[in-house]
Amino acid sequence: MTLGWVHPGLVLILGAWVLPLLRGRIKRVAMIVLPTAALGICLTMTPGTHGALHVLGQELVLGRVDATSLVFACVFSLMACLGMVFALHVEDDSQHIAGLTYAGSALGVTFAGDLLTLYVFWELMAIASTLLVWQRREPSAVAAGFRYLLVHVVGGLLLLAGIVLHWSRTGSLAFGDMSASAGGLAWSLILVAFLLNAAVPPLGAWLPDAYAEATVTGAVFMTAFTTKSAVYVLIRGFAGTELLVWLGAVMAVYGVVYAVLENDARRLLAYHIISQVGYMVCGAGIGTELAINGATAHAFAHILYKALLFMGAGAVLHTTGLRKLSEMGGLYRTMPKTLGLYMVGAFAISAVPLFSGFVSKSMVVSAAGETHRTAVFLMLTLASSGTFLHTGLKLPYYMFFGKASDLARERRGREARANMLAAMALAALACIVIGIFPGVLYRHLPNPVDYVPYTLQHVTSTLGLLGFTALGFFLLLRHLDPEPTISLDTDWFYRRGAAAFVRRFQRPLARLESGFVGEIFEFVLRRPVLGVASLLRRFDGLVVDSALVGVGRSTANLSRVLKNAAGGHAQHYGLLMAAGFLALVALAALVR
Amino acid sequence: MSFLERWLEDPVRFARLQRWSFVGLVVVVVAEIALPLVFRGGHAHFSFEDFPAWGSIYGLVSCIAIIVVSKLIGKAWLMRREDHYDS
């Protein structure tokens, strides 16, 4: 590794193992210092290629540092700081290690200049995030974790297959724009693996499934890294791919539709991750300078406000134990600070002027407008209305206002812990600063920015859109009451479809098993084994047994002779001694 | 926060809050129609964006469409009992 360049991801991954050795206050300091150090490294890093290794004749690049990777790395490490502050009270080292490893491997993906390094960190990310689901240690979480792992293992294998194919075709592992091999099998496999991590439907059902089951603090980490690192690699490798424009636009609407039906607070927010990532995927697909800037800026803003929203829902879950909207209500009396901070996140995601979403999301929508994509423009604008409808109106209404359910009245809840509120306040501050001073973010985007978010037309039409979305919400409020149901998504295929498959094919499989596999087993394994066994038995009976019997018999004969010799009569002993003496004398005479 | 309780739990104040919300909506619509006439310029990408009060109309239509269409799809197809996967 080049002297003077430290990989911030490795700082987190290796540094995490120090935590179990520390206790009390020192440990909590270390929990903050580690991600802060990573952030510091990212902020002071100089662009260029660092950490190049030569392994097996290939050049691996651990540190490709340029504007695109730096802005993602900065927000990832900033997010790790916020996540650790939020998790400061958790007395479970394994969760901290998993969280920091997860963040560190996301940084690894961001700085990876070649596909092999990318793959290694990609898989590490999948494993670390699975642990964050399992660590809730409830049967439903364990099951969801296994499903999550299953999906990501499949995605990882597709990625590996694509990388190997790409390598054998081009002879290079370097990761850059993939458009040269567009349409090929390697290109498609890598793209599908990336789309799976970006939760693009129909490959996205793992996201609400797992994020709603993760630990309260783990879910906050999960909102940031997997999907946004996928957006990053899409920007790197697949910018300008037309397919992404449409997938992104559909995705933005898809998340909104499911959010209408959703009853679990964190699942609702998870569907809005899918919706928001749709804007980024769409921006990557449009591929113009403005669109790439928009996708990057929106990823940056999104990580912060989505973490804030998950912290809010997590705080409610933490203090009341409630996760379903139909069981909540009336919490504004007991958790006003959580409500206030949550609303900052809700305004940011809804792109209310002066909040971060307003200055980032509109770049992607404008890029769709500039390239004259009417349908995409309308779909993205519709999804904006849907975002405000759910995250800004429905969720806070049923969680904090609305009629308190019996359960909510019973567990009135209390204000979230101080460290949770502090993390939320920091994230809220970031949302507001970016919203008011967009230049802070724009300065670090990959392309030069001449976009002005605060135009008269933009502000008034956004306010109109949001205001009348609110009107529509209150008009149709009766129909929006959350219902205790779950919604079918493509996870049906591996949750129910696989079981149905087994039921349907159980009998043919059993027949195949007994008919074909059983016969093979009979001839290849059972018969020879039995033959060898009977040979061994015969050997045992003939040789080993008779040898033992022979030894026994001769011992018995000898004992019988000796028994006669040891009769206890003194005259016999004297006779024997005399005979022995005579024999010795005879022997001595003979030898002479 | 007693502030929230004051405004939400007192019917008189709540009615006042509602009235002001409606006034706000009217102001937004008027601003959206009038301001572009006063300050010419700004750049719309599509001609439909110049339709008077485009944002407000599209917001209301979107909101209602999302709720109605999603609920229809949900009732007809997607929504299942919570123990759907447990059986």
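Helices (H or I, at least four residues) and strands (E, at least two) are taken here as DSSP runs, numbered from the N terminus. The model is predicted, so to speak of a local feature takes pLDDT of at least 70 and side-chain atom pairs count only at pLDDT 80 or more, while totals for chains, interfaces and linings use all residues. Residues are numbered from 1 along each chain as its sequence is written, with chains lettered from A and ligands numbered from 1 in the order in which they are written.

For context, most residues other than glycine have a negative phi, and most peptide bonds are trans.

Next come two helix pairs in chain A. Helix α1 (residues 8-15) of chain A and helix α4 (residues 93-111) of chain A have axes that come within 7 Å and cross at roughly 160 degrees. Axes here are lines fitted to C-alpha atoms, for helices over the stretch in contact, and angles run from 0 to 180 degrees between N-to-C directions. α1(A) and α4(A) are therefore roughly antiparallel to each other (angles under 35 degrees count as roughly parallel, over 145 as roughly antiparallel, 65 to 115 as roughly perpendicular and the rest as oblique). Their crossing is left-handed, that is, the near helix is turned anticlockwise from the far one by less than a right angle. On the α1(A) side, the residues making the contact include Leu10(A) and Ile13(A), and on the α4(A) side they include Leu100(A) and Phe111(A); two residues are in contact if their C-beta atoms, placed from the backbone, lie within 7 Å. By class, the contact of α1(A) with α4(A) has eight nonpolar, six polar and no charged residues. Ala, Val, Leu, Ile, Met, Phe, Trp, Tyr, Cys and Pro count as nonpolar, Asp, Glu, Lys and Arg as charged, and the others, Gly among them, as polar.

The other pair is helix α12 (residues 289-320) of chain A with helix α13 (residues 336-349) of chain A, whose axes are 9 Å apart at an angle of about 145 degrees. This crossing, too, is left-handed. Among the residues that meet are Tyr305(A) and Leu309(A) in α12(A), and Leu341(A) and Tyr342(A) in α13(A). The contact divides into 12 nonpolar, three polar and one charged residues.

As for domains, whose bounds come from an automatic or database domain assignment, chain A splits into domain 1 (239-483) and domain 2 (494-583), with C-alpha centres 75 Å apart. Chain B has domain 1 (1-42) and domain 2 (45-87), and 24 Å separate their C-alpha centres. Four residues from each of these chain B domains make up the contact.

Finally, the two chains meet: 39 residues of chain B are in contact with 42 residues of chain A. On the chain B side, α3(B) gives the most, with 16 residues, and the touching residues divide into 23 nonpolar, 10 polar and six charged. Strands take part as well. Strand β3 (residues 485-487) of chain A runs antiparallel to β1(B), joined by three bridges (two strands pair if DSSP finds at least two bridges between them). Within this pairing, Ile486(A) stands opposite Arg80(B).
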